Amino acid sequence: MADTMTLFTSIGLSEQKAKETLKNEALSSALKDAITQAQRVHGPSGVDKAMGTLLYSMASRLKDLKRLAFLSDSIAQRKICTELQLAAALDFVKGHPQDPINQNEFEEACGVGVVITPEQIEDAVESVIKKHKEQLVKERYHFNMGLLMGEARAALKWADGKVIKNEVDMQVLHLLGPKTEADLEKKPKPQKAKVAENEVKLKKEELAVNGEVTTGEGKSLMEQLRGEALKFHKPGENFKTEGYVVTPNTMSLIKKHLEITGGQIRTRFPPEPNGILHIGHAKAINFNFGYAKANNGICFLRYDDTNPEKEEEKYFTAIRDMVEWLGYKPYDVTHASDNFQQLYDLAVDLIRRGHAYVCHQRGEELKGHNVPPSPWRDRPIEESLVLFERMKKGLFAEGEATLRMKMVMEDGKMDPVAYRIKYTAHHRTGDEWCIYPTYDYTHCLCDSIENITHSLCTKEFQARRSSYYWLCNALDVYCPVQWEYGRLNLTYTVVSKRKIIRLVETGVVRDWDDPRLFTLTALRRRGFPSEAVNNFCARVGVTVSQTTTEPHLLESCVREVLNDTAPRAMAVLEPLKVTITNLPENSRSDVRVPDFPANEAKGSHTVPFTRTIFIEQSDFREVMEKGYKRLTPEQPVGLRHAGYVISVQKVIKDAQGKVVELEVNCCSSETAEKPKAFIHWVGQPLVCEVRLYERLFLHKHPEDPSEVPKGFLSDINPHSLQVISSALVDISVKGAKVFDKYQFERVGYFSLDPDSTADKLVFNRTVTLKEDPGKI
């Protein structure tokens, strides 16, 4: 330890820095080897501080340690003399993972032997200052000097940055002279120009960012996924990704891959067809399909159908339906089962290569941590081949034999199972197979078969990344790159298949598409537009960290879309009969109602105005209260769109004293004094069923035992569904189709439910209006 400490301080490291380095075993070992290599060239005392700084920087940044000796030699021979050259050298070896390295290409890429003279620097700076002279003289020392530095460095890639800066400072001083008091004052911030009232404001405060327009909430999903935004590797440059394993065959396999794909980005969305997609899957769909779309690539919809016990046709249909509902069209729809024969052949090859074996440990023996090693791990290859063939022929009972891979996963799990026996008919292959591959075996190989470039998955699969690379490399097949992103979670809900099944079985919800759930079919049924779901995913952003979000953020996205797309109608949920006594018995007139009051050019509809109309019970109070602006015996109110103001003449009550009818007078709003409020109403309406939804659970985290000790089923909100069987809706909705959306004025946004019949329409409340909660 003392000798290593002396070695580190001998190259110019401070004692403190040397101690910190010794704590990092990997860095300490790499730096020691680098110094030893350099000393072979210069002798024990020939490594000066400048060289030592480069050796330290190289040892701490180099990922592929087999290049350590090569780079140490380059630094020791003074071919690499600056940080700029070192960065280029590290980039070069990263892009050339296989031997031999072409020395001439390396030296050219790193500027070896390039000499930049003081005269060249002087000329380059002079040229840049001449280009910006007019603005420079005008702004003087408030001018952005970094611009001059950047352009001069771009012209002289290998020049010393400090020398360029000194030359810029000197030439600027020569042009402008010393700084004055005015130069030393802080540059005033530009005043924001006020938008003229008659100008049309950019929707959602669109801002110009880096030359592109984005909404105030941030970048669109396509902008987040395009090009360099995610720092993903380019097709064919898999080996530049940290952690990617390079084998002697990697480059030739990538070359073949590029011949097939033409350098096109390929992704896939690989759901298991044993349940319905939920809001978390919406992010996965947007990420996989969106990344391909944003970069002119293609995306496969691949069903991971390797567990025949839980798969049903309805799930296959529903998954594709939801992908297309969100606006994406798969390049191709594939199944893991398409590759069952090829996967079996590869498993045989894996055994032949000595990387897999047939094991007879039972499933319960393999559960938990510190599982004992299999006593069959070292059985002869030929024996495993015979036994695997017998597994395929159905000569073992379920659980009696498995095929396991000889590897340790990142989470410590040893020898994961590749194949297990299941005597269950498969929905596509029937009884052809009785052995089925596992996710750990199937996933990466199907990615390889489909020549996927970016295998995008949620963060919990990070522990399987090393096994993903191991299996592809063990079989010498093309290896894609796995990238992880944070999954999307919502509060006040559960999304696990098992728990949703429990909710259905116990009668808490009707089915997977119950509008109180956050499955995608449930959101569609409730009336959430797909555009709003996609906007929500964009707003949450493409992050690596897990995100738990409040439902009101999703609801906000829904309101934004529906405000622009849902035509207005009038509906009364708790009707109160109103008779207008100064109109004739059979009086009827048509009132024109704009579909979108903010933009009447988008169309309108007519509703009948008759002697008998209905208003909301809450829009009348027999006793006046302070701040109440709607109808009372002493206070008239306006009727929206009708052009009338009504005043109470008589209040009619039933035997229990409940108000059941009002008799009123009406007069034109043009002659009457302007009322304090206008209310909605309906005349000759349709009787409809309306379902009002609230959160299904009472607590934010119903699955958290510390929040809900008795389990999620004990946390059900008893008021999560209210059914109003005789709501009154104006006749403009008569021709509505399933999932058509409306804004019922002053009530909320509603969507037509599939339970609707020709005799009775059923509306689901999608979200409430965004009204001031204090408004009465």
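## Cysteines

The sulfur of Cys81 lies 11 Å from the closest cysteine sulfur, which belongs to Cys110, and that is too far for a bond. A disulfide here is a pair of cysteine sulfur atoms within 2.5 Å, and by this rule the count is zero disulfides.

Cys81 is partly exposed, at a relative accessible area of 45%, whereas Cys688 is buried, at 1%. For these words, buried means under 20% relative accessible area, exposed over 50%, and partly exposed in between (1.4 Å probe, protein chains only).

## About the model

This is a predicted model, in which local features need pLDDT of at least 70 and side-chain atom pairs count only at pLDDT 80 or more, while totals for chains, interfaces and linings use all residues. Residues are numbered from 1 along each chain as its sequence is written, and side-chain values use heavy atoms, leaving out hydrogens and water.

## Around Ser720

Ser720 sits in the loop between strand S24 (686–693) and strand S25 (721–729); strands are DSSP runs of E with at least two residues, and helices runs of H or I with at least four, numbered from the N terminus. Ser720 is buried, with a relative accessible area of 3%.

Beyond four places in sequence, Ser720 is in contact (heavy atoms within 4.5 Å) with Arg516, Leu692, Tyr693, Glu694, Arg695 and Leu696.

## Confidence

The predictor's confidence in each residue is pLDDT, from 0 to 100. For the protein chain its mean is 90, and 94% of residues reach 70 or more.

Over residues 192–217, pLDDT stays under 50. Where pLDDT is low, the predicted coordinates should not be read in detail.
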